[in-house]
Amino acid sequence: MALLRCTAAAATTPPPQLATSPRRLRSLSWRRTLAPLHDHLLLASTLRHSSQGRHWLPPAVTCNAQTVVATNMAPGTPVRPTNILVVGATGTLGRQVVRRALDEGYDVRCLVRPRPAPADFLRDWGATVVNADLSKPETIPATLVGIHTVIDCATGRPEEPIRTVDWEGKVALIQCAMAMGIQKYVFYSIHNCDKHPEVPLMEIKHCTEKFLQDSGLTYIIIRLCGFMQGLIGQYAVPILEEKSVWGTDAPTRIAYMDTQDIARLTFIALRNEKINKKLLTFAGPRAWTTQEVITLCERLAGQDANVTTVPVSILKFARQLTRFFQWTNDVADRLAFSEVLSSDTVFSVPTTEMYNLLGVDAKDIITLEKYLQDYFTNILKKLKDLKAQSKQTDIYF
Amino acid sequence: MALSSKISAYPSKFLGQSLSFHPNPTTIRRSPTHLLLPPRCDKREVDSTGDDNVESETARSQPSVSLTLDDVNPVGLGRRSRQIFDEVWRKFSGLGQISRTPTDETLETVLVRGPMCEFTIPGAQDTTILVVGATSRIGRIVVRKLMLRGYKVKALVRKADQEVIDLLPRSVSVVIGDVGEPSTLKAAVEGCNKIIYCATARSTITADLYRVDYQGVYNITKAFQDYNNRLAQLRAGKSSKSKLLLAKFKSAESLNGWKVCQGTYFQDVVGTKYDAGMDAKFEFTETGNAVFSGYVFTRGGYVELSKKISLPLGCTLDRYDGLLLSVGGNGRSFVLILEAGPSADTSQSKLYFARMSTKVGFCRVRVPFSSFRPVKPDDPPLDPFLVHTLTIRFEPRRQRPSEGTTGTTQDLRSFKLIMEYIKALPTGQETDFILVSCTGLGIEQNRRDQVLKAKKAGEESLRRSGLGYTIVRPGPLQEEPGGQRALIFDQGNRISQGISCADVADICVKALHDSTARNKSFDVCYEYIAEQGKELYELVAHLPDKANNYLTPALSVLEKNT
């Protein structure tokens, strides 16, 4: 459905200039930029052209620039396949990707936004941190020098408009990667993103997928369902702290997966030449509803939760309401996932095929029960230790 | 109140719930250790008092009797109401989002550095590891792996250049020193528990090889042993690194309990008629030496000196690795015999023996428990825990004339053994020193002998140092990600393939806490994969999974003390 609309739009109207398209046109305008290949080349060349004037160093000046040339043309120092760039390295998934990469012996460079408190943990692990911002395309090319593979786990922060990082930034990054001869590009997308064009983030992901597929890069697209790490902050911690847990009554099932497993599988896929230019979907061993997750947490924590159930209909209503006003449009985007929740889907895929393709044993993928159990045993043990300690100090004083 | 009117525009259903459940949202969320704290009692109080829960910290700190100025300050009220509103909104909008990244710093303690992280190794924070050659191809990855697992890492570098420092993670403590200069190493080994040595000579010039591959290993093992000994002294023999004194012969009384006896392996009828006879004595001389001396002329005869070992309270020999004897004499070889079994019933004891050679003059002899063999081949291997009697036996069989005293004819049937002390060597479950050596593959032909000679000398000096060691000899190194191909562990210089630097680094890090890696040397390389259609054998080995430990099963079949 969404696909059809895209192509139709592209055929009828020439795409407006992407980077300058006014905010007011919102979704319609960038949907149109999904045009046939020559448009992309055009875009890429305009970007190349515009950045050459200001920021791109002419090839003869520095050795850095010469390395760039060497990646594109035959002679010169070849880029080592162990040099990778992780975009979005401070995120939930990104940091696991960085760690796995470092542990497997890659030389990891992390693209991180300049910020007052820099990501010291990445440097502690032995990664190189470079400052750049996807929403400022002129900062990107320098970070790609000498890089063989780009792993893109970036997503905009919830508080900022989705478009700047997830669409404009990604397009700029992919175009840069094309221009600089990046040899592999790994992109994380969302499962079923082609089925829900009404959710802005999913539509952007889907369009990025298509953009990447048409770009000519060697790519791997990995669609993900849900992170187990997210459940800790959402359910496990509030239950332990005896605070209220907010859940929906939606029957949607999500196949959560541990980000450490995702990172591990990513690198297996990355090294497998057969998986080039393929779209994989990683899903956990079993799909869970919100209610099931809460029940599981209650059982493991040994205490009941204060569950505040919000009907999906109210979420949908809130979304509709906020959509009416332009100033609440970002809010509406943030509530958009309620559409997926209400559409009563199982957010998962059969996994055996994927495991076989990668040559992984299904037993090695951690289940949600095991994951949460590990969490609760560890945290309860820590609590006990702390209590014992505080008792000791009481006696001591 | 002004507050309620302000938010009442919002669906009252959520508002009411949220207010009662989230008394103090912002203060709870921020504190980084909150997750680990037991529920605070003051929080409960705030919970129970219905109206107070909108008030923030100020209200709690003061015993709120009446309204203060702060309570009616519109700015403060506005801020507080906004905080509450934000919290409710955060939760509400969180429901409608696809990916909710935990913004909480508190989760880091468990998920990132804590036990939920697949890399974390228990006890790693208390272990300091010195990496020598931290900027080498293997060293760089070793340092990263150690940092990921939470170890404290010290890196020995020659010069603190900015580009060298940039190569290392930030929280690595950098020590400046040169393995060729023993004086610079004292500071480097200070506070270290284990050492990984992956430095190698940059050239194949003999002086360079000698300096790094041989003398470097020697210097650093020496510095490390000195440091260990200093620790052992500081703790007055209570340290796990100090030896256990079994016997010290410094006075005539110290000879009490030692018995001399003699016997024969078989009855020599003919021999007894001629020059048979034997005699031995153990005495304390005027010069202050305890001397066990005598002669054995009888064929198949032997004399022995034995004593029941009495250990200090709380000590058992299973915590020890072997025996150390400080002896002098005329260079005969002896047989050490240990009797092991339940001490109540000596008839069930089993005998274990090991041969020990001495040289002319004083020397110290180490006899590891692992070199003891049962006298009856069917008996189980020696369990040091059960040892109760130690015997030193002399027999004229298999004696070799000692060197040095050429010219004078020796009667190999007479012996003299001056005893100074007998100690038990402390054991370690784990390796103390990991040395990355090489197999000699991939080195240019004309320099290979020199390189190997230096490496072998370095290995030898490590083995002699008394540290628990692991010597890894990888095939030619390749710069590629690790964990891709099956590895072959072998002893005996038979390997033919390369190996990635990352795999070598992984072996080093895994070997740190692996008891099977202690005191072993092994070669490692990728499994040989024949070209299509040229296979001679079926592929048996499989790709090691990073999650489980492949090292223990691979190493447990290899020979120890190599």
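User: What are the mean pLDDT of chain A and the share of its residues that reach 70 or more?

Analyst: In this predicted model, the mean pLDDT of chain A is 73, and 71% of its residues reach 70 or more. For chain B the average pLDDT is 76, with 75% of the residues scoring at least 70. The model as a whole has an ipTM of 0.71 and a pTM of 0.69.

User: Which residues of chain A have a pLDDT that stays under 50, and which stretches of chain B do?

Analyst: In chain A the pLDDT stays under 50 over residues 1-74, a stretch for which the model has 70 contacts beyond four places in sequence. In chain B the pLDDT stays under 50 over residues 1-64, with 60 contacts beyond four places in sequence, and it is also below 50 over residues 538-547, where the model has 11 contacts beyond near neighbours in sequence. Where pLDDT is low, the predicted coordinates should not be read in detail.

User: Why is helix α15 of chain B called largely enclosed?

Analyst: A residue counts as buried if 20 or more other C-beta atoms lie within 10 Å of its own, and 10 of the 11 residues of α15(B), which covers residues 501-511, are buried, so the helix is largely enclosed by the rest of the structure. Among the buried residues are Cys501(B), Asp503(B), Asp506(B), Ile507(B) and Ala511(B).

User: What makes α8(A) roughly parallel to α9(A)?

Analyst: Helix α8 (residues 162-179) and helix α9 (residues 200-215) of chain A pack at an angle of about 10°, with their axes 10 Å apart. Because angles under 35 degrees count as roughly parallel, α8(A) is described as roughly parallel to α9(A). The residues that meet include Trp167(A), Val171(A) and Ile174(A) from α8(A), and Leu201(A), Ile204(A) and Phe211(A) from α9(A). By class, this contact has 10 nonpolar, two polar and two charged residues.

User: How do you know that β11(B) and β15(B) pair?

Analyst: Two strands pair if DSSP finds at least two bridges between them, and strand β11 (residues 333-340) and strand β15 (residues 387-394) of chain B are joined in the antiparallel sense over six bridges. In one of these positions, Leu336(B) has Ile392(B) in β15(B) as its bridge partner.

User: Why are β6 and β14 of chain B said to stand at the edges?

Analyst: Six strands of chain B form an open sheet with antiparallel pairing, in the order β6-β9-β15-β11-β12-β14. Strands β6 (259-264) and β14 (373-374) each have a single partner strand, so one side of each is left without a neighbour in the sheet.

Technical notes. Residues are numbered from 1 along each chain as its sequence is written. Chains are lettered from A and ligands numbered from 1 in the order in which they are written. This is a predicted model: local features need pLDDT of at least 70, side-chain atom pairs count only at pLDDT 80 or more; totals for chains, interfaces and linings use all residues. pLDDT is the predictor's confidence in each residue, from 0 to 100. Two residues are in contact if their C-beta atoms, placed from the backbone, lie within 7 Å. A residue is buried if 20 or more other C-beta atoms lie within 10 Å of its own, exposed if 12 or fewer, and partly exposed in between; C-beta atoms are placed from the backbone. Helices (H or I, at least four residues) and strands (E, at least two) are DSSP runs, numbered from the N terminus. Axes are lines fitted to C-alpha atoms, for helices over the stretch in contact, and angles run from 0 to 180 degrees between N-to-C directions. Angles under 35 degrees count as roughly parallel, over 145 as roughly antiparallel, 65 to 115 as roughly perpendicular and the rest as oblique. Ala, Val, Leu, Ile, Met, Phe, Trp, Tyr, Cys and Pro count as nonpolar, Asp, Glu, Lys and Arg as charged, and the others, Gly among them, as polar.
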